[in-house]
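Q: I have a structure open and want to learn to read it. Can we go feature by feature?

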Amino acid sequence: MDDILGLTEEKMNKAIEAMEKRFTNVRAGRANPAILDHVMVNYYGTSTPLKSLATISIPEARQLMIKPFDRGCLSDIEKGIYEANIGLTPNNNGETIILNIPVLTEETRKGYVKEVKQIAEECKINLRTLRQDANNDIKKDEELTEDDKDNMTEEVQELINKYNKIVDEKLSEKEKDLLSV
């Protein structure tokens with residue numbers, strides 16, 4: 001009985017974590033090293049994550065600085081950033097690569113808010129699927145009495161209500177972050 005609820009809650013936590021990770025990839029007009037998480041660099045014939053080839057720092061609020069451990073891979077890092085299509089143009093000064101984060105227009109901000117709402121809605125759909133799976137598992141369990149099944153179904157509903165509220169709170173925070181100038 002507790003196995004079904006525990007497993008369902010664990011899966012719901014993972015759904016929230018996945019949503020938050022996707023949220024970090026939506027820019028808010030400020031420098032955030034997480035936007036480079038998916039940048040892969042062809043380093044000596046091997047596709048390597050940028051994070052393992054360089055240190056990434058934030059010298060200014062809207063600027064990222066990439067300092068490679070091996071200066072010989074600067075052009076490879078530049079190429080990787082272009083290929084990742086993250087919408088930023090790298091500036092190579094021979095020792096580091098600077099990425100300037102452009103100021104977001106009102107229209108761009110609204111577009112990002114729509115994207116974030118879509119991500120949150122996908123998370124809620126995932127949560128509903130998890131609820132349905134848990135309810136099906138409860139119905140199939142022959143060891144449980146009808147009262148136990150009803151109680152567990154209610155607990156699953158309480159879980160989804162709790163996690164939907166978390167999604168709404170995270171969405172609200174991200175919207176506020178995107179719309180603040």
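Q: What should the 23 residues of α1 span, at 1.5 Å a residue?
A: The expected span of a helix is 1.5 Å times one less than its number of residues. For α1 that gives 33 Å, and its end C-alpha atoms are 33 Å apart, which agrees. Helices (H or I, at least four residues) and strands (E, at least two) are DSSP runs, numbered from the N terminus.
A: This is a predicted model: local features need pLDDT of at least 70, side-chain atom pairs count only at pLDDT 80 or more, and totals for chains, interfaces and linings use all residues. Residues are numbered from 1 along each chain as its sequence is written, and side-chain values use heavy atoms, without hydrogens and water.

Q: Which residues of α1 are buried?
A: An α-helix has 3.6 residues a turn, so residues three or four places apart point the same way. Buried means under 20% relative accessible area, exposed over 50%, partly exposed in between (1.4 Å probe, protein chains only). In α1, the buried residues are Ile-4, Leu-5, Thr-8, Met-12, Ala-15, Ile-16, Met-19 and Phe-23. Their cover includes α3 and α4.

Q: How do strands β1 and β2 pair?
A: Two strands pair if DSSP finds at least two bridges between them. Here β1 (residues 40–43) and β2 (residues 46–49) are antiparallel, over four bridges. Tyr-43 has Thr-46 as its bridge partner.

Notes:
Contact means heavy atoms within 4.5 Å.
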